[in-house]
Structures are given as C-alpha cells and as structure tokens.
Amino acid sequence: MGQENAGLLDGPDGVARCFWHGNLPDYLHYHDHEWGRPVADDRRLFEKICLEGFQSGLSWLTILRKRENFREAFANFEFDKVALFTDKDVERLLGNAGIIRHRGKIVSTINNARRARELADEAGSLASWFWKFEPGPDERPTVVDLAHLRANPTTAVSVRISKELKKRGWSFVGPTTVYAFMQAMGLVNDHLEGCVCRAEVEAERKRFKRPK
C-alpha cells in the first residue's frame, strides 16, 4: 500500500506522518507536539472540548489559527471565570471578529463552564472524570489505519461520554465532538501505523500518570 493510500505523508524532513496536517507549518507542529499526547490539566481539557464544539461544521485548522484569540476572549478557558460571564459578555463576544461568532456556541461555552465546575467538584477534577473513560485494550483496534478511522468517527466510549455530559447539562458535546477530543487529549492514540509520532505517543501514554 502506498503512503497516500495508507494515510501517510512525508514531512519536510522526509519522515512519514499522518496525512492530515498537509505539511502546513502550524498544523504540522500541532500534529507533532500536541495531538494525541495525554493531558491531565483541567484548563486544557476544558479548552479543548469547547474548541471542538466551535469546530462543529468547520475545520480544526480554522480553530487552531484562532486559538489565541479564543483564549483571550474566554479568560484563557479558566472555567471558574467563564462561568461568571453574563449576557453582556455574550454580546461582547459576538462582536469579536477574531473568534467564531456563533451565539449558540458562545452561550454553550459559558454553560459548559458552569457544568465543568460541577463535574470537577463531583469527581475531584475534570481530568479524573474524563480519564475514567479511557478505553481498555479490548475496546481498541488491533491496527489503527486510515480505513479504521474513516469507519469510526465515533466509538462506544465517545457515545457513552456524550450521553453522560448531556445528562449533566453540557451542550455541543455530541459523540463525534467527544471522540475528536479523546483523540487530541491522548485518551486514545490514533496516530496511524507508520506515523513517526505513533511510537512516541504510545511511550508517553505508558509513562503518563492517570489522574485519580
């Protein structure tokens, strides 16, 4: 199978990686240094699930290139601060050309900040709550290839997390959004077989101390 059919793309250094970064410098850096590496920081987890919600209907690259604007607009995604936002803040954010000006997603982020505080109080931290859903080996494919990823935009685990979050009042957290969050935050390693980062991420996941 050729590189292209395997979902791999040689980078500027001649090394094979997952194809989706398209060798765009900022996207390549995100692929190599962030995507799939395990995260236990509540602020980063909250930021990511909110930005995945904003991505709905758009490309992640669009969101990535606006991420600093989002951080500035949403108090660096400190959820205790965002939880205090008011209708005045919603109008302020709707006037901010540096972010995605979608009222429903803005209101959702403020709502989810309030729900995040409740969830952190319930579980001890957001990280503890999310990581308890980490799929076991029996819930993971033997080989992570392009065909598998295309056939599985959601998983049983992402459906379960989505249902649990919605039950607690979260919004813009459908199973596809949740699975993208899981992939990015390292709850699974979906770097493709043959990607230079796959073994690195797997080693990092083995060293990672799961939050209790």
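The axes of helix 2 and helix 7 (residues 103-123) cross at roughly 155° and come within 10 Å. Because angles over 145 degrees count as roughly antiparallel, helix 2 is roughly antiparallel to helix 7. The crossing of these two helices is right-handed. The model described here is predicted.

On the helix 2 side, the residues that meet helix 7 are Phe46, Cys50, Gly53, Phe54 and Gln55. Their counterparts in helix 7 are Lys105, Ile106, Thr109, Asn112, Ala113 and Ala116. By class, this contact of helix 2 with helix 7 has six nonpolar residues, four polar residues and one charged residue.

Helix 2 (residues 42-55) also packs against helix 11 (residues 175-184), at an angle of about 140° and with the axes 9 Å apart. That angle makes helix 2 oblique to helix 11. The crossing of helix 2 and helix 11 is right-handed. Here Leu45, Lys48, Ile49, Glu52 and Gly53 of helix 2 meet Thr177, Ala180, Phe181 and Ala184 of helix 11. The contact of helix 2 with helix 11 divides into five nonpolar, two polar and two charged residues. Gly53 is listed in the contact with helix 7 and also in the contact with helix 11.

| Helix pair | Angle | Axes |
|---|---|---|
| Helix 2 and helix 7 | roughly 155° | within 10 Å |
| Helix 2 and helix 11 | about 140° | 9 Å apart |

The largest pocket has a volume of about 630 Å³. Of the 26 residues in its lining, Trp20, Trp35, Gln55, Ala180 and Gln183 are the closest to the centre. Helix 1 (25-33), helix 2, helix 9 (146-151) and helix 11 are the elements that give two or more residues to this lining. Helix 11 provides the largest share, six residues. By class, the lining of the largest pocket has 15 nonpolar, seven polar and four charged residues.

Gln55, which is part of the contact between helix 2 and helix 7, is among the residues closest to the centre of the largest pocket. Ala180, which helix 11 brings to its contact with helix 2, is also among those closest to that centre.

The second largest pocket holds about 200 Å³ of space. Its lining consists of 13 residues, and Pro135, Pro137, Arg140, Glu202 and Arg205 lie nearest its centre. Six residues of this lining are nonpolar, two are polar and five are charged.

Methods
Residues are numbered from 1 along each chain as its sequence is written. This is a predicted model: local features need pLDDT of at least 70, side-chain atom pairs count only at pLDDT 80 or more; totals for chains, interfaces and linings use all residues. Side-chain values use heavy atoms; hydrogens and water are left out. Axes are lines fitted to C-alpha atoms, for helices over the stretch in contact, and angles run from 0 to 180 degrees between N-to-C directions. Helices (H or I, at least four residues) and strands (E, at least two) are DSSP runs, numbered from the N terminus. Angles under 35 degrees count as roughly parallel, over 145 as roughly antiparallel, 65 to 115 as roughly perpendicular and the rest as oblique. A crossing is left-handed if the near helix is turned anticlockwise from the far one by less than a right angle, and right-handed if clockwise. Contact means heavy atoms within 4.5 Å. Ala, Val, Leu, Ile, Met, Phe, Trp, Tyr, Cys and Pro count as nonpolar, Asp, Glu, Lys and Arg as charged, and the others, Gly among them, as polar. On a 1 Å grid over the protein atoms alone, a cavity is a set of points where a 1.4 Å probe fits but cannot get out, and a pocket is an open set with protein on both sides within 12 Å along at least five of seven lines; lining residues have an atom within 4 Å of a point. Grid points are joined across faces, edges and corners, and a volume is the space filled by probe spheres set on the points.
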